[in-house]
Amino acid sequence: MTSAITISGLRKSFGGKVVLDGIDLEVGAGTTFSLLGPNGAGKTTTVQIMSTLVRADGGEVRVAGHDVARNPAAVRAAIGVTGQFSAVDNLLTGEENLLLMADLHHLSRVRGQRRAAGLLEKFDLAEAAKKTVTTYSGGMRRRLDLAMTLVGDPRIIFLDEPTTGLDPRSRRMMWQTIRDLVADGVTIFLTTQQLDEADALADHIALLDHGTVVAAGSPEELKRGIPGAHVRLRFADVAGLDAAERALGGAFRHEDTLTLEVPSDGGATAVRALLNRLGDTADAIDGVSVHTPNLDDVFFALTGHPTTEATDDEMENVQ
Amino acid sequence: MTTLAFAARDSATMTRRSLRHVLRYPVTLVVSVVVPVMLLLLFTGVFGSLRSSLGAVSHSAYLAYVVPGIIVMTAAYGSSVTAQSINRDSTEGIIARFRTMAISPASVLNGHVISALARTLLSVALVIGVSIGLGFRPTADAGRWLAVAGVTALLVLALTWLAVPFGLAAKTAEGLSGFILIVQLLPFISSAFVPPDQMSGSVRWFAAHQPFTPVIDTLRGLLTGTADGGTALAAVAWCAGIALAGYLWARVLFRRDISR
């Protein structure tokens, strides 16, 4: 497997505060890689260094075979960036934004217009094409942002928290778009705060915490052995709770809320098996909810401390 | 295409983008003409009549005196619009996007500067047109008009390149208020409305030596009087110096790490 991105010993500090403390990553060409971590972990800084926007203090970063410090122009020619820090032109229409990108990629007028029309259609923006971006919703703006990135047909795409703040429908659309890109052979480097997003999209995940990679591997490898997944059974009365606890054994009892927490992977098969074990006692259940491990659980399991977001003061220094 | 041809093409693209902003929100252009014209009316109407009631100069003579200062104020107002527009690009992140693309890096700022030059020169032409409508009678011949255009273009270029780094440096639009205040207030303490030798003490020294004064005096000489070579040289030197300083500072700011 050839590498699209290799990072070794990457370090960066802003004003004395260490943001990246020697990270190593390798992303195979044509795969989806997710950098997962809370706010202030250093995700955006990593993307900014790979995008040639920020210089590293130490270490080596190669993107598409080129060193970002020595040959930034060649890196820029290979990448597309859609992120929290990059943006669209709010004073232009959606179509004008895409045509601007086409001009900057030196496409001919005809090819540029064809490309813009195709992307407007693909991203469900054809109706709003002639409206200025200031009138767009958050989801539309994010779709336009990604569409602008795709005008130049980049082989490596950096997506910095592409779904943060999106409604569920826009989020699913974004996921589908990412899958389509990977099917076309594009390499995706995705940062996210959401485990389920990394889980759904990535071939490999690296967990970033306070500027260091605390864990890396496939989603399955990472989730293995992480406690926190359980089924929660709520009962109408103490009698039901008692009966169920006797039937199951090993469940964790919450007296005040009349609930039982049963360790489980939360899948349909496991839930059905659980209810079968309860037999008639299951009739006493008031409600069933499934709790899957989230980023907090993963963090707690791997780092021994909960996700601590950098304070506002720190964020200002960092960003 | 060669690198130079690509750079020219990218600059043209960026210029079109900026000009499209101007056309989309023409109110900016209207305000940049209306504000100087209001000042012109204020000075000739209110303060001008005070002067003539004291027997100093006639209304038309004072109008002729004030117009060059108003031209400079139009250029100053134009540069504050430029600073705001660059600041918006910088804080909203579109400059970050441009910097991740394989384009000529210089084109990003060139586009702003070229369109600012076009926009501000159009404002100045409209302001001169209105003042002629109000009774301003320049005596310049074609050659001097050309020189007026040249000096004005140089001034706008200098103020624009000064606006660029301020626009890039400010973290918010509010952070620009200092630049805007200074660039719009400085012409008041120059030879724009009153000859500096009628001022007193340190104000007089400042008005006589600040950069706007030789530019205003040169324009005044070209439009309605006798041009003075020494003053023109001072005006050109000031403008070239400010433009160069602004350009170099802007280049440093543009290449530094993105700050968000």
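Author: Two residues are in contact if their C-beta atoms, placed from the backbone, lie within 7 Å. By that test, 25 residues of chain A are in contact with 21 residues of chain B. This is a predicted model, in which local features need pLDDT of at least 70 and side-chain atom pairs count only at pLDDT 80 or more, while totals for chains, interfaces and linings use all residues. Residues are numbered from 1 along each chain as its sequence is written, with chains lettered from A and ligands numbered from 1 in the order in which they are written.

Reader: Which elements of chain A give two or more residues to the side that touches chain B?

Author: They are α2 (72-78), β6 and α3 (94-104) of chain A. The most comes from α3(A), with four residues. Helices (H or I, at least four residues) and strands (E, at least two) are DSSP runs, numbered from the N terminus.

Reader: What makes up that side by residue class?

Author: It divides into 13 nonpolar, seven polar and five charged residues. Ala, Val, Leu, Ile, Met, Phe, Trp, Tyr, Cys and Pro count as nonpolar, Asp, Glu, Lys and Arg as charged, and the others, Gly among them, as polar.

Reader: How do you know that β3 and β8 of chain A pair?

Author: DSSP must find at least two bridges between two strands. Strand β3 (residues 32-36) and strand β8 (residues 187-192) of chain A have five, in the parallel sense. They therefore meet the definition. One of the bridges joins Leu35(A) to Thr191(A) in β8(A).

Reader: Why is the six-strand sheet of chain A called open, and which strands stand at its edges?

Author: The order is β6-β7-β8-β3-β9-β10 (chain A), with mixed pairing. At the edges stand β6 (79-82) and β10 (212-217) of chain A. Each has a single partner strand, so one side of each is left without a neighbour in the sheet. On average, neighbouring strands are turned by 15° against each other, direction ignored.

Reader: Which helix touches β9 of chain A as well as β3, β7 and β8?

Author: Helix α1 (residues 43-50) of chain A packs on the sheet and touches those strands. Its direction makes about 150° with that of β7(A). Angles run from 0 to 180 degrees between N-to-C directions, and axes are lines fitted to C-alpha atoms, for helices over the stretch in contact. Helix α6 (residues 168-183) of chain A lies across β3, β7 and β8, at about 150° to β8(A).

Reader: What makes β1 and β2 of chain A a hairpin?

Author: Two residues lie between them. The strands, β1 (residues 3-14) and β2 (residues 17-28) of chain A, run antiparallel and are joined by nine bridges. In the turn, Gly15(A) has a positive phi of about 50°.
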